[in-house]
Amino acid sequence: FAYSIDGQPVQVVDMANGEEIPENVLVALVDENVIKRAFNVNFERVCLSKYLRKNYPQYFQSYSIDEDTVGDFLNPESWHCSMIHARTLGLPSSLAEVGKVLQLHSPTDYPDKWEIFKAYNKRDVEAELEIDRRLSRFPVPDFLWKEFYLDQEINDRGILVDMQLADKAINLDAKAKEELTAEVQKLTGVENPNSVYQLLDWLEKQGYKSDSLGKAQVQELIKTAKEPVKSVLQMRLQLSKSSVKKYTAMKNTACSDNRARGMFSFYGASRTGRWAGRNVQLQNLPQNHLPDLSEARELVKYGSFEDIQMLYDDVPDTLSQLIRTAFIPRQGMKFIVADFSAIEARVIAWLAGEEWRMKAFANGEDIYCASASKMFGVPVVKHGENGHLRQKGKISELACGFGGSVGAMKAMGADSLGLSDTELKQIVTAWREASPH
């Protein structure tokens with residue numbers, strides 16, 4: 001355990017050889033009036049919480065998060081994170097990389113011998129001290145620390161996982177993949193249906209040439225494919241369903257109380273300050289459109305593969321749609337699924353001072369329709385007059401708002417429109433002319 005008090009020389013406590021953390025340090029660790037600093041401080045705070053809880057219960061004080069969930073951790077409100085500080089200044093998130101930027105000598109190797117490791121540990125803290133000293137000229141605003149404490153509380157509380165559902169889903173997905181693989185092998189004669197090259201070669205022999213088996217390309221091929229190619233491509237989409245891996249991530253992440261913690265990384269995007277997701281990636285869960293979610297959920301928990309296959313046909317897709325339901329609220333509570341509406345388009349319009357756009361938002365208009373209408377000079381109504389132009393307006397919004405051109409249009413799905421690069425360039429030009437600011 002290496003530490004420094006008020007910038008004094010770093011001390012190393014060799015607990016493996018019987019040394020003990022000094023009492024004044026133990027007291028300081030739990031004193032909410034003493035600020036503790038570290039790089040990626042959540043690691044130190046959680047590990048020390050467990051260490052103190054086990055070895056020094058007389059010093060350990062947990063903080064209560066709410067009446068049903070007691071946080072068995074040290075209160076985050078007296079802990080500051082040098083990693084977060086670095087992120088607010090657009091610096092990297094790794095200690096070694098920040099050290100490089102600031103031209104500090106940081107340890108790079110995990111040493112083999114204990115004495116060398118102790119020196120490494122000491123140097124680690126010295127590097128953190130120097131990073132902290134240099135960044136102190138640009139202090140983190142108090143409101144950001146308050147947001148960080150809220151982040152730590154959210155991560156400490158965690159989110160309850162229905163482990164029975166997760167376990168059954170993993171088993172059912174494995175069985176579905178096994179059956180799909182066997183069926184594709186039967187239809188194609190391909191030795192390994194998961195091999196992109198083998199399947200592309202088989203498709204070419206059937207008269208369907210493609211450079212990729214990505215989702216968009218496969219969906220496009222399905223539109224014109226005849227049997228058995230159409231069925232093989234549909235099964236390819238099912239086999240490539242990667243979102244089901246989130247159930248495995250839940251199992252790997254959940255603690256002994258079945259609560260998954262550490263799902264959010266504060267200030268993960270250093271230029272915007274938004275949260276980043278970790279482990280299960282809660283910000284990127286598949287949507288669900290099953291009308292009978294509860295019934296489908298119970299079938300999966302019962303583990304009835306044949307029933308799910310009979311009722312829903314596409315087992316991997318059904319499991320994917322049930323991922324959100326694997327997170328369960330406390331008794332008497334419910335989760336609300338929410339998202340900002342066209343947040344990028346709203347903020348950019350406000351920053352740029354594009355008045356007609358702000359008025360469209362203020363009037364509750366569909367910005368994709370409004371944008372398409374402005375671009376093409378005709379009324380555009382969702383599911384109505386010139387409704388086919390809305391998709392062009394939507395893709396343009398997503399691509400061009402950040403200065404993108406034809407490449408960004410394609411990245412946002414313009415390939416599905418079947419337009420040439422020249423036609424896409426014309427759309428980009430029309431968007432820019434409609435939104436000069």
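**Exercise 1. Charge and overall form**

Task: State how many positive and how many negative side chains the protein has, and how far apart the centres of the two sets lie.

Solution. Step 1: The protein carries 53 positive side chains and 60 negative ones. Step 2: The centres of these two sets are 4 Å apart. Step 3: These values are computed from a predicted model. Step 5: The secondary structure consists of 20 helices and 10 strands.

**Exercise 2. Surface, burial and contacts**

Task: Determine what percentage of the 437 residues counts as buried, and what share of the accessible surface belongs to carbon and sulfur atoms.

Solution. Step 1: A residue is buried if its relative accessible area is under 20%. Step 2: By this criterion, 42% of the 437 residues are buried. Step 3: The accessible surface amounts to about 25000 Å², and carbon and sulfur atoms account for 50% of that surface. Step 4: Turning to contacts with a separation of 6 or more, 60% are made by residues 24 or more positions apart.

**Exercise 3. The cavity and its lining**

Task: Find how many cavities of 30 Å³ or more the whole structure holds, and identify the residues that line the largest cavity.

Solution. Step 1: The search of the whole structure returns one cavity of 30 Å³ or more. Step 2: The volume of the largest cavity is about 60 Å³. Step 3: Its lining is formed by Leu-29, Val-30, Glu-32, Gln-61, Leu-74, Asn-75, Ser-78 and Trp-79.

Step 1: Consider Glu-32, one of the lining residues. Glu-32 lies in the loop between α1 and β3. Leaving aside residues up to four places away in sequence, Glu-32 touches Asn-75 and Ser-78. Both of these partners are among the lining residues of the cavity. Step 5: Glu-32 and Asn-75 are 43 residues apart along the chain, and their C-alpha atoms are separated by 7.4 Å. Step 6: Glu-32 has a relative accessible area of 47% and therefore counts as partly exposed.

Step 2: Ser-62 is placed in the loop between α2 (41-55) and β4 (63-64).

**Exercise 4. The second largest pocket**

Task: Name the element that gives the largest share of the lining of the second largest pocket.

Solution. Step 1: The second largest pocket has a volume of about 1400 Å³. Step 2: Two or more lining residues come from each of β1 (2-3), α1 (23-30), β3 (36-38), α2, α4 (95-101) and α5 (114-135). Step 3: The largest share is that of α5, with 10 residues. Step 4: The lining comprises 44 residues in total, and those nearest the centre of the pocket are Ala-2, Tyr-3, Arg-37, Glu-44 and Val-125.

**Exercise 5. Backbone features in loops**

Task: Decide whether Gln-103 is buried or exposed, and state where Pro-228 is placed.

Solution. Step 1: Gln-103 is found in the loop between α4 and α5. Its phi is near 60°, a positive value in a residue other than glycine. Step 2: A residue is exposed if its relative accessible area is over 50%. Gln-103 has 71% relative accessibility, so Gln-103 counts as exposed.

Step 1: Asn-279 also has a positive phi of about 60° without being a glycine. Asn-279 belongs to the loop between β10 (276-277) and α12 (293-302). With a relative accessible area of 47%, Asn-279 is partly exposed.

Step 2: Pro-228 sits in the loop between α9 (215-224) and α10 (229-239). The peptide bond joining Glu-227 and Pro-228 is cis, with omega about 5°.

**Exercise 6. The surroundings of Val-378**

Task: Identify which residues Val-378 touches, not counting residues up to four places away in sequence.

Solution. Step 1: Val-378 is located in the loop between α17 (367-376) and α18 (390-400). Step 2: With nearby sequence positions left out up to four places away, Val-378 touches Ser-373, Asn-386 and Leu-389. Step 3: The C-alpha atoms of Val-378 and Leu-389 are separated by 9.6 Å, and the two residues are 11 apart along the chain. Step 4: Val-378 is partly exposed because its relative accessible area is 28%.

Definitions and conventions: Residues are numbered from 1 along each chain as its sequence is written. This is a predicted model: local features need pLDDT of at least 70, side-chain atom pairs count only at pLDDT 80 or more; totals for chains, interfaces and linings use all residues. Side-chain values use heavy atoms; hydrogens and water are left out. Helices (H or I, at least four residues) and strands (E, at least two) are DSSP runs, numbered from the N terminus. Buried means under 20% relative accessible area, exposed over 50%, partly exposed in between (1.4 Å probe, protein chains only). Contact means heavy atoms within 4.5 Å. Accessible areas come from the Shrake-Rupley method with a 1.4 Å probe; for residues, only the protein chains shown count as cover. Lys and Arg count as positive and Asp and Glu as negative; His and the chain ends are not counted. The place of a charge is taken as NZ of Lys, CZ of Arg, CG of Asp or CD of Glu. On a 1 Å grid over the protein atoms alone, a cavity is a set of points where a 1.4 Å probe fits but cannot get out, and a pocket is an open set with protein on both sides within 12 Å along at least five of seven lines; lining residues have an atom within 4 Å of a point. Grid points are joined across faces, edges and corners, and a volume is the space filled by probe spheres set on the points.
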